[in-house]
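Subject: The model we talked about

Hello,

Here is the structure I promised to pass on. Please open it alongside this message, and then read on for what turned up.

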Amino acid sequence: HVPATYTILNFPVDNIESAVKALKQKGVVFEHYDYTDKDDIARNMGPLIAWFKDPAGNILSVIEEKRE
């Protein structure tokens, strides 16, 4: 198996801060990039998004899109 090098699945959430915190408490390790903040959330690229890997190494994310 070769893991995907791009996001293969986005999980929409109502509140990204709460979702990231809850997942971290369960042991999920989020990816940290130059453009993510101290909470591992990208805030200046469109919708709020945070990435993590599944056990096979594929990239997944939680994403908060503003609803109007």
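Let me start with Asp40, which counts as buried because its relative accessibility is 10%. Buried means under 20% relative accessible area, exposed means over 50%, and partly exposed is anything in between, with a 1.4 Å probe and protein chains only.

Before going further, a word on the source: this is a predicted model, in which local features need pLDDT of at least 70 and side-chain atom pairs count only at pLDDT 80 or more, while totals for chains, interfaces and linings use all residues. Residues are numbered from 1 along each chain as its sequence is written, and side-chain values use heavy atoms, with hydrogens and water left out.

**Around Asp40**

Asp40 sits in the loop between H1 and E2. Helices (H or I, at least four residues) and strands (E, at least two) are DSSP runs, numbered from the N terminus. What do the polar contacts of the Asp40 side chain join it to? One, of 3.0 Å, goes to the side chain of Lys24, and another, of 2.7 Å, goes to the side chain of His32. A polar contact is a pair of N or O atoms within 3.5 Å; within protein, one must be able to donate a hydrogen and the other to accept it, and residues adjacent in sequence count only if both atoms are side-chain atoms. Not counting residues up to four places away in sequence, Asp40 touches Lys24, Phe30, Glu31, His32, Ile49 and Ala50, where contact means heavy atoms within 4.5 Å.

**The helix**

Helix H1 covers residues 16-25, and its buried residues are Ile16, Ala19 and Val20. These lie on the same side of H1, because they cover an arc of only 95° around the axis; the arc is that of the directions from the helix axis to the C-beta atoms. The buried residues of H1 pack against strand E2 (48-53) and strand E3 (59-64). On the face turned away from that buried side you will find the exposed residues Lys21 and Gln25.

At the N-terminal end, Asn15 caps H1, with a side-chain oxygen 3.1 Å from the backbone nitrogen of Glu17. Glu17 counts as partly exposed because its relative accessibility is 34%. Leaving aside neighbours within four places in sequence, Glu17 is in contact with Ile41, Arg43 and Glu64. Glu17 and Glu64 are 47 residues apart in sequence, yet their C-alpha atoms are 9.3 Å apart in space. After H1 comes Gly27, with a positive phi near 100°.

**The strands**

E3 is largely enclosed by the rest of the structure, because six of its six residues are buried. On one side these are Ile59, Ser61 and Ile63, and on the other Leu60, Val62 and Glu64. E3 runs parallel to strand E1 (residues 7-12), with five bridges joining the two, and Phe11 stands opposite Val62. E3 runs antiparallel to E2, with six bridges, and Ile63 is the bridge partner of Ile49. Two strands pair if DSSP finds at least two bridges between them. E2 and E3 form a hairpin with five residues between them, and Gly57 in that turn has a positive phi of about 95°.

**Cores and rings**

The largest nonpolar core has eleven residues, among them Val13, Ile16, Phe30, Leu48, Phe52 and Val62. H1, E2 and E3 are the elements that give two or more residues to this core. A second, separate core of five residues includes Ala42, Ile49, Trp51 and Ile59. A nonpolar core is a set of buried Ala, Val, Leu, Ile, Met, Phe, Trp, Tyr and Cys residues joined through side-chain atoms within 4.5 Å.

Searching the whole structure gives four aromatic pairs. Phe30 and Phe52 form an edge-to-face pair, because their ring centres are 5.4 Å apart and their planes are at 65°. Rings of Phe, Tyr and Trp (its six-membered ring) pair if their centres lie within 6.5 Å; planes under 30 degrees apart count as stacked, over 60 as edge-to-face and the rest as tilted. Phe30 lies in the loop between H1 and E2 and Phe52 in strand E2, so this pair ties together parts that are 22 residues apart in sequence. Tyr33 and Trp51 are also edge-to-face, because their centres are 5.6 Å apart and their planes at 80°. Tyr33, Tyr35 and Trp51 form one aromatic cluster.
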